[in-house]
Amino acid sequence: MRNNSAAFGSGAIIGTLGGLIGLGGAEFRLPLLISLFRFRGLEAVVLNKATSLIVVASALPFRTRAVPFAEIHAHWPIILNLLAGSLVGAYAGASWATRLKSETLYKVIAVLLLLIAGVLLFAHSTAAAPAPALTGVYLIVAGVAAGFVIGIVASLLGVAGGEFLIPTLILLFGADVKLAGSLSLAVSLPTMLVGFARYSRDQNFSVLRANWQFMLAMAIGSIVGTFIGGLLLGIVPNSILLPGLAVILVISAMEIWRHE
């Protein structure tokens, strides 16, 4: 089953699902790597992380038509605020994952997928950016704390963390949805690089050398799917789409919890 065609096809489907809600789809890719392609827990996380890196790196330039780099640069204090926590969290999360037993890692992944399902149902229903409730040093501390937690989750799942970053940017910093999507990518990329660097010291990192063509095919498929999902954005109402995607994550979480 681990052939390049299957990797490309599944990547395209996952990318489309993620693109429909403005994400890269890594939260749907990880369960597939474990359940369908039968990679072990940490191997699947490393593969997901490598694929997500490629998808995120390609997504940021694609968004410049909607949100120019100049506008992203103008909000550099927000990016640095979140990075101050997320970089540390990413390293800590990757270090923790390498020490967990496979059985425990499956349970952690299942719980985090359920958490993402809840975020999709509730936080992503936010359409308008409210006025920030915190200011000054309180906002900075909250941003670092949020970034730290997001960094841990991103490393444990091998995801970019946009499902958490976008609601954080909207609710905590008052960013509008389009800007939040681009700022989340600017935070995700260095955060993922730190987690990736930590994983490179683990023996499970060798899964990339053994399956680099598979990973590249899945990454290309994910990029194509993300583009297609972006074109379809708005066709399926969120009142139907988000619960449907949440159900997929809940089912995936149950499968991974029982995985041996």
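**View 1. Leu139 is buried, with a relative accessible area of 16%.** Buried means under 20% relative accessible area, exposed over 50% and partly exposed in between, with a 1.4 Å probe and protein chains only. The model shown here is predicted: local features need pLDDT of at least 70, side-chain atom pairs count only at pLDDT 80 or more, and totals for chains, interfaces and linings use all residues. Residues are numbered from 1 along each chain as its sequence is written, and side-chain values use heavy atoms, with hydrogens and water left out. Leu139 belongs to helix 7; helices (H or I, at least four residues) are DSSP runs, numbered from the N terminus. Apart from its neighbours within four places in sequence, Leu139 is in contact (heavy atoms within 4.5 Å) with Asn81, Leu134, Leu172 and Phe173. Between Leu139 and Phe173 there are 8.1 Å in space, C-alpha to C-alpha, although the two are 34 residues apart in sequence.

**View 2. Ala146 is a residue of helix 7, which covers residues 136-157.** Ala146 is buried, because its relative accessible area is 19%. Its C-alpha atom is separated by 38 Å from that of Asn3, a residue 143 places away along the chain.

**View 3. Helix 6 (residues 102-122) packs with helix 7.** Two packed helices are described by the angle between their axes and the distance between the axes. Axes are lines fitted to C-alpha atoms, for helices over the stretch in contact, and angles run from 0 to 180 degrees between N-to-C directions. For helix 6 and helix 7 the angle is about 125° and the axes are 10 Å apart. That makes helix 6 oblique to helix 7; angles under 35 degrees count as roughly parallel, over 145 as roughly antiparallel, 65 to 115 as roughly perpendicular and the rest as oblique. Val108, Ile109, Leu112 and Ile116 of helix 6 make the contact with Val153, Leu156 and Leu157 of helix 7.

**View 4. Helix 8 (residues 162-171) packs with helix 9 (residues 177-199).** Their axes are 9 Å apart, at an angle of about 125°, so helix 8 and helix 9 are oblique to each other. On helix 8 the contact involves Leu165, Ile166, Leu169 and Ile170. The residues of helix 9 that take part include Val177, Ala180, Gly181 and Leu183.

**View 5. Helix 1 (residues 4-19) packs with helix 11.** The angle between them is about 30° and their axes are 6 Å apart. Helix 1 and helix 11 are therefore roughly parallel to each other.

**View 6. Asn211 is in the loop between helix 10 (206-210) and helix 11 (212-232).** Asn211 counts as buried, because its relative accessibility is 14%. Leaving aside neighbours within four places in sequence, Asn211 is in contact with Arg2 and Phe39.

**View 7. The structure holds 3 aromatic pairs.** Rings of Phe, Tyr and Trp (its six-membered ring) pair if their centres lie within 6.5 Å; planes under 30 degrees apart count as stacked, over 60 as edge-to-face and the rest as tilted. Phe205 counts as buried, at 15% relative accessibility. One aromatic cluster is formed by Phe37, Phe39 and Phe214.

**View 8. The charged end of Arg198 sits over the ring of Tyr91.** It is 5.9 Å from the ring centre. A charge sits over a ring if NZ of Lys or CZ of Arg is within 6 Å of the ring centre and within 35 degrees of the ring normal. Lys107 lies over the face of Trp257, 5.1 Å from the ring centre.

Conventions
Helices (H or I, at least four residues) and strands (E, at least two) are DSSP runs, numbered from the N terminus.
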